[in-house]
Structure formats: C-alpha cells, structure tokens
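Below is a short briefing on a single structure. Please keep the sequence and the coordinates at hand while reading.

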Amino acid sequence: MSLKLSGWDDTIVALATPPGVGALGIIRLSGEKAVDIIDQLFQKKELKKENTHTLHVGILQISGEILDEVVVSLFKSPRSYTGEDVVEISCHGSPFIHQKIIDACIQKGARLAKPGEFTQRAFLNGKLDLTQAEAVADLIASNTAASHKTALNNVRGGFSRTLHDLRERFIKFSALIELELDFSEEDVEFAERSELMNLINETKAVTNDLLNSFQLGNVIKNGVSVAIIGKPNAGKSTLLNTLINEDRAIVSEIPGTTRDTIEEVINIDGILFRLIDTAGLRSKSTDTIENVGIEKSLQKMKQADVVIYLFDVTEMQEEELRAIATELKEQNINYLLVANKTDVAGDVQAREKFEVIEGIIFISARNNQHLEVLKERMVDVVLHDKLQLENEVVTNARHFHALSQVSKSLSDIAQGLENKTSGDLLALDIRRCLQYLGEITGEVTNEDLLDYIFSKFCIGK
Ligand SMILES: Nc1nc2c(ncn2[C@@H]2O[C@H](COP(=O)(O)OP(=O)(O)OP(=O)(O)O)[C@@H](O)[C@H]2O)c(=O)[nH]1
Ligand SMILES: [Mg+2]
C-alpha cells in the first residue's frame with residue numbers, strides 16, 4: 001500500500017480499555033520505537049532481545065519513580081495487529097496509573113493515538129482490508145446476537161473476499177482489452193467476450209444479493225422502530241409495559257393518558273426493537289396538549305419501520321378496521337393489526353368477530369396473553385422470510401452506495417458487449433467497475449475517506 005499518512009512513522013500510545021476504574025487496564029503502543037520506549041521504562045529485562053508473542057512481568061519506572069507492576073505482551077513486526085511492533089501493558093485499573101504510564105511513554109517519544117489509528121495502521125499495512133477494518137468498529141458497537149454475528153463475519157473476510165476475487169478477474173479482462181487496443185490495426189480479440197459476460201452475470205448476482213441484504217443489515221445494526229398506534233384507551237401503554245416487562249408508561253382508564261411519546265428497547269431473537277408508545281388518536285380533542293400529542297403520534301407512525309395498530313376488540317367494528325387497514329396500506333406503512341382485551345371479549349368470540357379480516361393478532365396486553373405470537377410476527381415483518389442471518393449482510397451505507405455503482409457499471413459493460421462497442425469504451429466501463437469494487441475493499445481509496453472512516457472508532461482501537 002503506497003498511501004502514507006502524516007505522522008505515519010510515529011509510535012502511538014493509548015489506553016485500550018474503557019477509561020475509569022477497573023481490575024486491570026491495558027495500554028497499547030505501536031510503531032518503530034514501541035519496544036525501545038518500554039525498554040527505557042521497564043526494569044531488568046531488555047524486550048528487544050526477547051521473542052515475539054511473549055509475556056514479561058516487571059516494574060515500570062521513570063526517573064526513579066515506580067509507576068506500577070505490570071505484565072507486558074510483546075508482538076514484533078510483522079506479527080501484530082497493526083503489522084508494526086506492538087507492546088501491550090496490562091497494569092492496574094486506576095485512571096491515575098493509566099495517565100502516568102501514558103505520560104511516561106509520551107516523554108520517551110510516543111504520541112497519543114488518534115481514534116481508530118491502530119486499526120488504520122493495520123489496514124495500511126495490509127493486515128485487514130477496509131470492510132474488515134470497518135467491521136471491527138461494528139463488532140465493538142454490537143449489542144445483539146445478530147449484529148455481533150454479521151460484524152464477526154465481516155471481520156473475518158465476509159463478502160469482501162468474494163468481491164476481491166471478482167475484481168481480480170475483471171483486472172485480467174481489463175488488461176487483455178488494453179492489449180487489444182495496442183494491436184488495434186490487426187483486429188484481434190484477446191479477451192473472450194462470452195467469458196466476460198459470464199463474469200458480469202456472476203458479479204451481478206453477488207452484487208444484487210448484497211444490495212438486497214442492506215435493508216436487513218440496517219435493521220441488524222440500528223434496530224427496528226416500532227410505533228404503537230391506536231385510539232385512546234386501546235391499551236398501547238399497557239402493551240409497551242408488558243413487552244418490556246416493566247411499568248414504564250402510565251396506564252389508566254382515562255382516555256388520553258399518554259401525551260408524549262415514550263421509547264423503550266427490547267431484543268427479540270437477537271434483533272433490537274425500539275418500541276414507541278404514542279398518544280391515542282382521536283379525531284378532535286378540546287385539549288391542546290393532547291392535540292400536540294396526536295400530531296406527534298402521526299409523525300412517529302410515518303417514520304417507524306413497523307406500525308402496530310392496536311385496538312380494543314370490544315369497541316372496534318369490522319368496517320372501521322377495514323378502512324384503517326386500507327388507509328395504512330395506501331400510505332405504504334408496514335403494519336400489524338393487533339386486537340387487544342380478548343380477556344373481556346373472549347378469545348373465540350373476538351376471532352369470530354373479525355374472521356373476515358386476515359392477519360389480525362389477538363392478545364390481552366394486560367394478562368400477557370399471546371404476546372409471543374405478536375413477537376414472532378414482529379420478527380417476521382422485519383425478515384420478510386427472504387433472508388437468513390447466515391447470509392452475508394451489508395450493514396454499511398458506504399458499501400451499499402459503492403455496490404449500487406458497481407451494479408450500474410456492470411449493466412453498462414453488458415450493454416457495451418451487446419452493442420459490440422469498441423474496446424476502448426469497454427475498457428473505460430470496466431475501469432469504473434474496478435474503481436467501485438476497489439472502493440469497498442479499500443484497494444482504491446484516498447486519505448480523506450480513510451480519515452473519515454477511522455475517526456468514528458474509539459481511541460485505542
Ligand atoms: N381487560 C383489559 N384491560 C386492558 C388491557 N390492556 C389495557 N387495559 C386497560 O385499558 C385501559 C387503558 O390502558 P392504557 O394502556 O392506558 O391505554 P392507552 O392506549 O395507552 O391509552 P392512551 O394513552 O390514553 O391513549 C387501562 O385501564 C388498562 O388497564 C387488556 O388486555 N385487558
Ligand atoms: Mg397510553
């Protein structure tokens with residue numbers, strides 16, 4: 001990788017564990033002088049004479065002042081996370097000690113690392129490609145089984161390996177077509193057009209699958225927002241409380257109890273759902289505050305990924321429900337119709353009352369009845385049965401954008417082949433495709449983009 005950043009030759013230092021008091025803290029150094037710096041602070045041993053991947057117990061001191069008794073892990077270049085010499089100091093977990101040790105390292109020639117700089121160096125030294133490096137940040141941020149799984153898959157190569165291989169094959173074609181251009185007078189074809197077409201189709205299939213996975217990827221990474229909507233007193237706040245198993249929202253028999261929206265998060269089957277309890281919808285209220293609440297509810301409904309339309313089964317009529325469903329459908333809202341208070345109406349009677357309308361979920365929010373059915377349907381709505389978490393999933397908007405461009409350039413190449421366009425135009429389209437494929441894996445990149453990506457990491461990673 002030819003890209004050199006300013007400050008690239010420096011040795012960097014940072015706390016790798018969370019700031020604050022803990023049993024242990026880990027301070028990490030990376031760079032040419034990492035071993036030398038620690039040798040100046042470490043008593044008794046000379047690390048530069050020690051083997052890589054070894055542990056050393058000892059005292060750290062500076063100018064005669066003892067800093068801490070520590071364990072030092074040694075990773076010599078190139079067999080380290082960054083590819084440079086890396087030293088990790090496990091010390092006691094006091095912020096005071098951490099600061100002392102970091103100051104001592106700086107005094108001996110290190111500088112404080114920028115956010116993500118360790119991972120950035122790993123990328124620049126070819127230890128990780130860009131999607132893997134980005135997945136490291138996702139892995140650290142992952143808070144559900146699903147987000148953990150997709151991030152881990154991407155850290156370990158995921159789809160970027162597939163894209164890398166396809167790109168290599170395009171490079172071969174690109175070279176062959178450029179060669180044709182050199183022999184343009186002789187009208188020869190080095191690049192087999194049918195093979196190129198096969199490669200285009202193969203790449204298209206991969207790209208399309210990845211593009212389709214983005215919606216799911218987004219859900220896995222950011223969670224699904226679910227607005228609970230319905231008339232006053234339908235039991236919306238009760239439903240929220242039962243789902244999160246906590247008395248979070250005020251429940252009362254007075255219609256119009258909830259005024260402001262309340263948000264709570266639950267994890268169902270590894271997917272994060274952001275539940276939003278809203279003010280009950282009624283056509284007109286004399287209370288201005290309630291009206292503001294209703295306005296907010298409508299807004300939340302439009303912004304939500306999924307809407308739970310909750311109604312009191314004893315009060316709702318079939319015709320009205322049908323009209324509501326039609327309205328939601330027309331507004332392109334992803335909704336679930338949920339009938340509440342089946343304990344009052346009777347489960348069987350409630351189902352009979354609405355048997356002509358499909359897909360209603362019958363529950364009693366207060367008695368926690370059939371909520372597991374509702375949860376299952378919430379997951380179904382998100383997954384749409386079309387994707388499994390085992391598949392490779394795009395979670396990153398940058399990748400999504402570049403993949404869309406790959407897809408477009410593939411169509412251009414295909415069209416060029418069909419129209420028997422000249423080699424130089426074909427070469428141009430292929431180069432564009434190579435550019436976007438390379439942007440995803442980081443084989444084509446620029447300093448600004450890298451700085452932007454890594455600036456979102458935490459310090460010490
Ligand atoms: N019998 C029965 N009563 C319920 C059920 N769910 C809620 N309720 C009652 O219905 C009343 C209204 O419940 P809430 O949860 O406050 O209703 P809401 O939809 O949030 O009402 P607003 O905030 O006013 O829009 C309360 O008295 C609840 O105890 C249920 O499943 N069965
Ligand atoms: Mg309420």
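The model is a predicted one. Its largest pocket has a volume of about 400 Å³, and helix 8 is the element that gives the most residues to the lining. Ser 237, in helix 8, is a donor of the magnesium ion and also has a polar side-chain atom 2.8 Å from an oxygen atom of ligand 1.

**Largest pocket**

- The largest pocket, with a volume of about 400 Å³, is lined by 25 residues, of which Asn 233, Gly 235, Thr 238, Val 251 and Lys 341 are the closest to its centre.
- Two elements give two or more residues to this lining: helix 8, which spans 236–244, and helix 11, which spans 342–345.
- Helix 8 contributes three residues, the most of any element.
- Sorted by class, the lining is made up of 12 polar, eight nonpolar and five charged residues.

- Ser 237 belongs to helix 8, whereas Thr 258 sits in the loop between helix 8 and strand 8 (262–268), so the pair ties together parts that are 21 residues apart in sequence.

**Ligand 1**

- There are 24 residues around ligand 1, and those that come nearest are Lys 236, Thr 238, Gly 256, Thr 257 and Thr 258.
- Oxygen atoms of ligand 1 lie 2.7 Å from a polar side-chain atom of Lys 236 and 2.8 Å from a polar side-chain atom of Ser 237.
- On the nitrogen side, an N or O atom in the side chain of Asp 343 is 2.8 Å from a nitrogen atom of ligand 1.

**Arg 111**

- Arg 111 is part of strand 6, which covers residues 111–112.
- With a relative accessibility of 22%, Arg 111 counts as partly exposed, because that class runs between the 20% limit for buried and the 50% limit for exposed.
- Although Arg 111 and Thr 11 are 100 residues apart along the chain, their C-alpha atoms are separated by 6.3 Å.
- The side chain of Arg 111 also makes a polar contact of 2.6 Å with the side chain of Asp 10.

**Backbone features in loops**

- The peptide bond between Ser 77 and Pro 78 is cis, its omega being near 0°.
- Pro 78 falls in the loop between strand 4 (65–75) and strand 5 (86–92).
- Ser 63 is not a glycine, yet its phi is positive, at about 45°.
- The loop that holds Ser 63 runs between strand 3 (54–62) and strand 4, and Ser 63 counts as exposed at 73% relative accessibility.
- His 370, also not a glycine, has a positive phi of about 65°.
- His 370 is placed in the loop between strand 12 (361–362) and helix 13 (371–383), and a relative accessible area of 27% makes His 370 partly exposed.

Definitions and conventions
Residues numbered from 1 in each chain as written. Chains lettered and ligands numbered in written order. Predicted model: local features only at pLDDT ≥ 70, side-chain atom pairs only at ≥ 80, totals over all residues. Heavy atoms only, no water. 1 Å grid on protein atoms, 1.4 Å probe; cavity = no way out; pocket = protein on both sides within 12 Å on 5 of 7 lines; lining within 4 Å. Points joined across faces, edges and corners; volume = space filled by probe spheres on them. Helix = DSSP H or I, 4+ residues; strand = E, 2+ residues; numbered from the N terminus. Nonpolar A, V, L, I, M, F, W, Y, C, P; charged D, E, K, R; others polar. Donors = N, O, S within 2.8 Å, 3.2 Å for Na, K, Ca; no water. Near = heavy atom within 4 Å. Polar contact = N/O pair within 3.5 Å; in protein donor to acceptor, adjacent residues only side chain to side chain. Buried < 20%, exposed > 50% of the residue type's maximum accessible area, 1.4 Å probe, protein only.
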